[in-house]
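The following questions and answers examine a protein model. Please consult the sequence and the structure as you read.

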Amino acid sequence: MAAVTPVSFSAISQSSSDRRAFCTVARNLGFEGFRFRSSFSCHYVGVRASNSTSRMVIHCMSTSTDVPPTVADTKLNFLKAYKRPIPSIYNTVLQELIVQQHLMKYKKTFRYDPVFGLGFVTVYDQLMEGYPSDEDREAIFQAYIKALEEDPEQYRIDAKKLEEWARAQTPSSLVDFSSREGEIEGTLKDIAERVASGNFSYSRFFAVGLFRLLELSNASEPTVLEKLCSALNINKRSVDRDLDVYRGLLSKLVQARELLKEYVDREKKKQEERAESQKASETVTKCLGEPQFVGQ
């Protein structure tokens, strides 16, 4: 896909068809199934050992000094961190995603893990492919993650580690992670344990992360996904549903980028035609304004 040239972004922002195409992508990544209370009961702020058991019991306490930021706070943090204008076809998607990710982050069972990070990085890079400036695209990524009070470098590092690990796997070794030792294997084991204990917040970003692992390990057989979900104690039906949505989004993204490129090309051609017309008009005006001498 050719990079989109930075032409007439003010005009592009008025293209309703392009906005609709990207908004469809945003809505489909909108994690519609989540519902949240208007306030959160607690953060984990204290640990107390029970007298009747050796296990550590974490007690939740709600305090006025430990209230989660609001969605408005997160959006404001993003605007403060990245002050340059973003074309509305991209900005609409980003604003929707940051709201949904804010809600996910402050769900009681949510805890960041590298598979989630890989999924988000994959989605972000695909959504922002074709952005006029690579430097701005990365700056927006940094501002987005920092607005959520998280570490953008951690997202990139984790995504890179998982990608490198997955490329070195075969379909059988991918699903057999529990029998081996290693950093990534340990991460996957921890996820499986948290899912089994009910202390895990599943999301479509996590599903996309799994999809990326399968893709990089060349695991194309449906049974591999089934075995991986079983090893992670993840509901395969949820993953299947979300991956179907994701695959559809990839197709929509291609169509949206093609629409955008066509629109930008048309705008560029119109600008060139207007420039040529203005140049010709200036030439005529200049000629008419010069004294004319008739030979005798």
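Q: What is the mean pLDDT of the protein chain?
A: The model is predicted, and 75% of the residues of the protein chain reach a pLDDT of 70 or more. Taken over the protein chain, the mean pLDDT is 79.

Q: In which element is confidence lowest, and in which is it highest?
A: Strand S1 (residues 43-49) has a mean of 38, whereas helix H7 (residues 152-167) has a mean of 97. Over residues 30-64 the pLDDT is below 50, although this stretch has 49 contacts in the model beyond near neighbours in sequence. Where pLDDT is low, the predicted coordinates should not be read in detail.

Q: How many helices and how many strands does the protein chain have?
A: Along the sequence, the pattern is α-α-β-β-α-α-α-α-α-α-α-α-α-α. The protein chain accordingly has two strands and twelve helices.

Q: Which residues does Ile140 touch?
A: Leaving aside residues up to four places away in sequence, Ile140 touches Phe78, Tyr82, Ile86, Leu94, Tyr124, Met128 and Tyr131.

Q: Against which helices do the buried residues of H9 pack?
A: H9 has 14 residues and reaches 20 Å from its first C-alpha to its last, close to the 20 Å expected at 1.5 Å a residue. Its buried residues are Ile184, Glu185, Thr187, Leu188, Lys189, Ile191, Ala192, Arg194 and Val195. These buried residues pack against helix H5 (114-127), H7, H10 and helix H11 (222-232).

Q: Which residue follows H9 with a positive phi?
A: The phi of this residue is near 80 degrees. The residue that follows H9 is Gly198.

Q: Why does Ser203 count as buried?
A: Ser203 is found in the loop between helix H9 (183-196) and H10. Buried means under 20% relative accessible area. Ser203 counts as buried because its relative accessibility is 2%.

Q: Which backbone nitrogen does the side chain of Ser203 reach?
A: The side chain of Ser203, a residue of the loop between H9 and H10, reaches a backbone nitrogen at 3.4 Å. That nitrogen belongs to Phe205.

Technical notes: Residues are numbered from 1 along each chain as its sequence is written. Side-chain values use heavy atoms; hydrogens and water are left out. Contact means heavy atoms within 4.5 Å. pLDDT is the predictor's confidence in each residue, from 0 to 100. Helices (H or I, at least four residues) and strands (E, at least two) are DSSP runs, numbered from the N terminus. Buried means under 20% relative accessible area, exposed over 50%, partly exposed in between (1.4 Å probe, protein chains only). A polar contact is a pair of N or O atoms within 3.5 Å; within protein, one must be able to donate a hydrogen and the other to accept it, and residues adjacent in sequence count only if both atoms are side-chain atoms. The expected span of a helix is 1.5 Å times one less than its number of residues.
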